[in-house]
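Have the 3D view open as you read.

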Amino acid sequence: MGIDIYYTPGSPPSRSVVLAAKALGVDANLKLLDLMKGEHLKPEYLKINPQHLVPALDDNGFAVTESRAIITYLAEKYGKDDSLYPKDVQKRASVNQRLYFDATTIYQAFADLYYPIMFGGAPFDNEKKKKLDDAFGYLDLFLKDGKWVAGDNLTLADIALVATVSSAEGVGFEVSKYPNVAKWLAKAKTTVPGYAELNEPGVQKLKAIYEASKKS
């Protein structure tokens, strides 16, 4: 038994969980799922996540799915302090807001635009691009006054959002058009624990898939 994280490197939500575990000092077993081989549809995985999505967490028989739920669970159970996920109600609310923003706005807009191109051969959709532009505009506003997305300290919200934003940058989205986001991303790349070894390879994998889809 132990803590198992089921993930695939190309998935930004998967990488956010792996990064959060690293930042929290959680000793987890990383279980790579090959979606192209249908490993996420095997009965043993469906017991953990009936929705057959990645990532998923199995903590000694207790299953948690949805990446933002996973990382907050890990912080609450295993965090050595509350720096990444503050106990102060208002500070935590700010972190939660940014996590929901990642899930429902910026990551959703990223996935809606790029995944149909990468995995379905769809043409580039400028209307969907506008939604992603809008989402980045909001993130740029969130970063106007703070050093990090939810205040003056690195939190789980930064970890979740860096996986999304770096993926957008990797497939060619012009992050540089949003100066506050670009500055934050540069800082996050050198500050988030394990960024180079745990996030960057997944970004490059996604980039390769996108580049190949444009040639097909």
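How many salt bridges does the count come to? The count comes to nine salt bridges. Keep in mind that this is a predicted model.

## Salt bridges between distant parts of the chain

Let's start with Lys77 and Asp59, which form a salt bridge whose closest N and O atoms are 3.2 Å apart. This pair links distant parts of the chain: Lys77 sits in helix α3, Asp59 belongs to strand β3 (residues 56–59), and 18 residues separate the two. Is Asp59 buried or exposed? Asp59 is buried, with a relative accessible area of 3%, whereas Lys77 counts as partly exposed at 49%.

Elsewhere, salt bridges that share partners join Lys129, Asp133 and Lys177 into one network.

## α3 against α4

Two packed helices are described by the angle between their axes and the distance between the axes. For helix α3 (residues 67–78) and helix α4 (residues 89–120), the axes come within 11 Å and cross at roughly 155°. Angles over 145 degrees count as roughly antiparallel, so α3 and α4 are roughly antiparallel to each other. The crossing of α3 past α4 is right-handed.

Which residues meet here? From α3 come Arg68, Ile71, Thr72 and Glu76, and from α4 come Arg92, Leu99, Asp102, Ala103 and Tyr107. Sorted by class, this contact of α3 with α4 has four nonpolar, one polar and four charged residues.

## α1 against α3

Now turn to helix α1 (residues 12–24) and α3, whose axes come within 9 Å and cross at roughly 10°. That makes α1 roughly parallel to α3. On the α1 side the contact is made by Pro13, Ser16, Val17, Ala20, Ala21 and Leu24, and on the α3 side by Ser67, Ile70, Ile71, Leu74, Ala75 and Tyr78. The class tally for α1 with α3 is ten nonpolar, two polar and no charged residues.

Ser67 is worth a look of its own in helix α3. Is Ser67 buried or exposed? Ser67 is buried, with a relative accessible area of 3%. Leaving aside neighbours within four places in sequence, Ser67 is in contact with Pro13, Ser16, Val17 and Pro55.

## α5 against α7

How do the axes of helix α5 (residues 126–142) and helix α7 (residues 179–191) cross? They come within 7 Å and cross at roughly 70°, which makes α5 roughly perpendicular to α7. In this contact, Phe136, Leu139 and Asp140 of α5 meet Pro179, Asn180 and Val181 of α7. By class, the contact of α5 with α7 has four nonpolar, one polar and one charged residues.

## A stop at Ala122

Finally, find Ala122 in the loop between α4 and α5. Ala122 counts as partly exposed, at 27% relative accessibility. Not counting residues up to four places away in sequence, Ala122 touches Pro116 and Ile117.

Ala122 and Lys214 are 92 residues apart along the chain, and their C-alpha atoms are separated by 9.6 Å.

Note on methods: Residues are numbered from 1 along each chain as its sequence is written. This is a predicted model: local features need pLDDT of at least 70, side-chain atom pairs count only at pLDDT 80 or more; totals for chains, interfaces and linings use all residues. Side-chain values use heavy atoms; hydrogens and water are left out. Axes are lines fitted to C-alpha atoms, for helices over the stretch in contact, and angles run from 0 to 180 degrees between N-to-C directions. Helices (H or I, at least four residues) and strands (E, at least two) are DSSP runs, numbered from the N terminus. Angles under 35 degrees count as roughly parallel, over 145 as roughly antiparallel, 65 to 115 as roughly perpendicular and the rest as oblique. A crossing is left-handed if the near helix is turned anticlockwise from the far one by less than a right angle, and right-handed if clockwise. Contact means heavy atoms within 4.5 Å. Ala, Val, Leu, Ile, Met, Phe, Trp, Tyr, Cys and Pro count as nonpolar, Asp, Glu, Lys and Arg as charged, and the others, Gly among them, as polar. A salt bridge is a side-chain nitrogen of Lys or Arg within 4 Å of a carboxyl oxygen of Asp or Glu. Buried means under 20% relative accessible area, exposed over 50%, partly exposed in between (1.4 Å probe, protein chains only).
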